[in-house]
Amino acid sequence: MEVIPPERFPERNARAFVDFLTYCQEVARKKKRPQLASVCLRVKHIDPLAVLESIYEEQQLHFYLERPQDEEALAGAEAVVEGRFSGQNRFTEVREFAADISENTIAVGDLGASSTGPKFFCAFTFEEDVSSEEAGFHPATVFVPRWQVERRGGAFYAVANTLIAADSDLNALAARILGAHGKFSGFSYSSVNTGEPPKVMKTTEVRSKPFEASVVEALESIAGEDYEKIVLSRAIDATADKSFIPLETVNRLRERFPSCFCFSINNGEGQSFIGATPERLVGCRDEILETEALAGSAKRGSNAREDAQRAAELLSSDKDLREHRMVIESIRQRLSDLGIEPDIADFPQILKLANVQHLRTPIQARIPEGLHLLDVAKALHPTPAVGGRPRAKAVPQIASLEGFSRGLFAGLVGWFDMAGQGDLAVGIRSGLFSGNVARLYAGAGIVRGSDPDRERAETDMKLRALEEAIQ
Ligand SMILES: C=C(O[C@H]1C=CC=C(C(=O)O)[C@@H]1O)C(=O)O
């Protein structure tokens, strides 16, 4: 990406934008291909989720991700460039697609702070090959939005992206960029009342056999040493009396789960995948890579003593610690295969969410030169926190034990910028919304010593948070 220094375009008026676009057009002519022109301007306080809600159109791709406790949020919609990929090379193909766009991007504006400017939004389904009819999404989706708003701590930005070809009408495009920035710098949120919230009329479990029977079958395979761990999930279809409003559900989730990555991605055909996940597969900032092992769960207590007691039991539960260590070992091995020796905390911590507490071990490393966030994602996905161990033995058994396609559940949702910084969250505690049907998912890790009833109770507890947020 070429960044134009602000002193070359000190003004923010139509004339300056036309000059910038004229430069982009000259480059487009020279290189004989369109250039992505990106204008990033600092704006006043803005809430990316509320902006998205205000201008939401179900026939447009959109993306939103926020971890409220970090005071970082971003949203964008309408693809300027987009790619869809499938198969085992999907991560590499997304990386190559993005590298090609980055080489043909010219950005201007308030780009001083780390990670401001145009971004790629992306989502990867759990399975590398799944039909988009079944999953709602392709195995890999990546796009750069036409507009993007962003919060980074106390600063807020609006980014307008447009493609400039040799014959583009620059005056019209400059007016459009100016208009978009004018709109975001004094944004007026829609005040349309969405009326009574939808009411869930029925819920149906989506599976071919009872969850407990699948757990028993998995325990037999574990006893027979076919594999050590497998994560099995449930899906339930909640049908309402009218269409769900997924972005309102996301808002409820972000209020309740401020330490989670809250997200929404719309496929441009009226289906949205949303959720609030505590798990980050990989984040990259300033050459530091962050990942984590998250596995092992317990209920929250109803008072401080009971809560602490449950945390203490979780920290000394042989079954949960084994389940957790398998995730650490797998991540360590896969990072080491990439030439990365990570710093892994000696002991798991307790991560407390509103409805559940988990064992969590933070993992950090310096990212070697030339290695992209997507290379790390390709190596790590799926970790045994959502797949199994050994991966090659356990993961192929998941589909038949669960009886449905996971789609984006336990897949990845996130963003990366043109310098390779970004975040990919694991799409758990989530649901796929299509009109008045919401398919909600929750899973649990099965190892030797797992009890089918307790695993069901764990998935019930995880599902309840979503069921409460949808209506
Ligand atoms: C697969 C899920 O959770 C994973 C992440 C944290 C704890 C887990 C567990 O204790 O089983 C799971 O491995 C889910 O919530 O759907």
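Visitor: Which residue in S22 does Ala235 stand opposite?
Guide: Ala235 stands opposite Tyr441 in S22. Before we go on, this is a predicted model: local features need pLDDT of at least 70, side-chain atom pairs count only at pLDDT 80 or more, and totals for chains, interfaces and linings use all residues. Residues are numbered from 1 along each chain as its sequence is written.

Visitor: Thanks. How many bridges are there between S10 and S22?
Guide: Ten bridges, with S10 and strand S22 (residues 437-446) pairing in the antiparallel sense. Strands (E, at least two residues) and helices (H or I, at least four) are DSSP runs, numbered from the N terminus. Two strands count as paired if DSSP finds at least two bridges between them.

Visitor: Which bridges does S10 make with S9 and S18?
Guide: Strand S9 (residues 200-205) pairs with S10 over five bridges, in the antiparallel sense, and there Thr203 stands opposite Ala238. Strand S18 (residues 388-389) is joined to S10 by two bridges, again antiparallel. In S18, Gly388 is the bridge partner of Ile230.

Visitor: Is S10 mostly covered or mostly open?
Guide: Mostly covered: nine of the twelve residues of S10 (residues 229-240) are buried. Buried means that 20 or more other C-beta atoms lie within 10 Å of the residue's own; with 12 or fewer a residue is exposed, and in between it is partly exposed, with C-beta atoms placed from the backbone.

Visitor: And where does Glu225 lie?
Guide: Glu225 lies in the loop between helix H6 (211-223) and S10. Glu225 is exposed because it has 8 other C-beta atoms within 10 Å. Its C-alpha atom is separated by 35 Å from that of Asp307, 82 residues apart along the chain.

Visitor: Switching topic: which residues touch the most other members of the largest nonpolar core?
Guide: Phe263, Val282, Ala377 and Leu412, out of 137 residues in that core. Strand S4 (residues 72-85) gives the most to this core, with seven residues. A nonpolar core here is a set of buried Ala, Val, Leu, Ile, Met, Phe, Trp, Tyr and Cys residues joined through C-beta atoms within 7 Å.

Visitor: What is Ala377 in contact with?
Guide: Leaving aside neighbours within four places in sequence, Ala377 is in contact with Phe91, Leu281, Val282, Leu412 and Leu424. Contact means that the C-beta atoms of two residues, placed from the backbone, lie within 7 Å.

Visitor: How is the chain divided into domains?
Guide: Into domain 1 (2-185) and domain 2 (200-469), with bounds that come from an automatic or database domain assignment. Their centres, taken over C-alpha atoms, are separated by 29 Å. The contact between them takes 41 residues from domain 1 and 40 residues from domain 2. On the side of domain 1 that touches domain 2, strand S3 (61-67) is among the elements giving two or more residues, and S3 has the largest share, seven residues.

Visitor: How many helices and strands does the chain have?
Guide: Twelve helices and 22 strands. The radius of gyration, taken over C-alpha atoms, is 23 Å, close to the 23 Å that the globule rule gives for 471 residues, so the chain is as compact as a globular protein of that length. That rule is 2.2 Å times the number of residues to the power 0.38.

Visitor: Last one: what share of the chain counts as buried?
Guide: Of the 471 residues, 48% count as buried.
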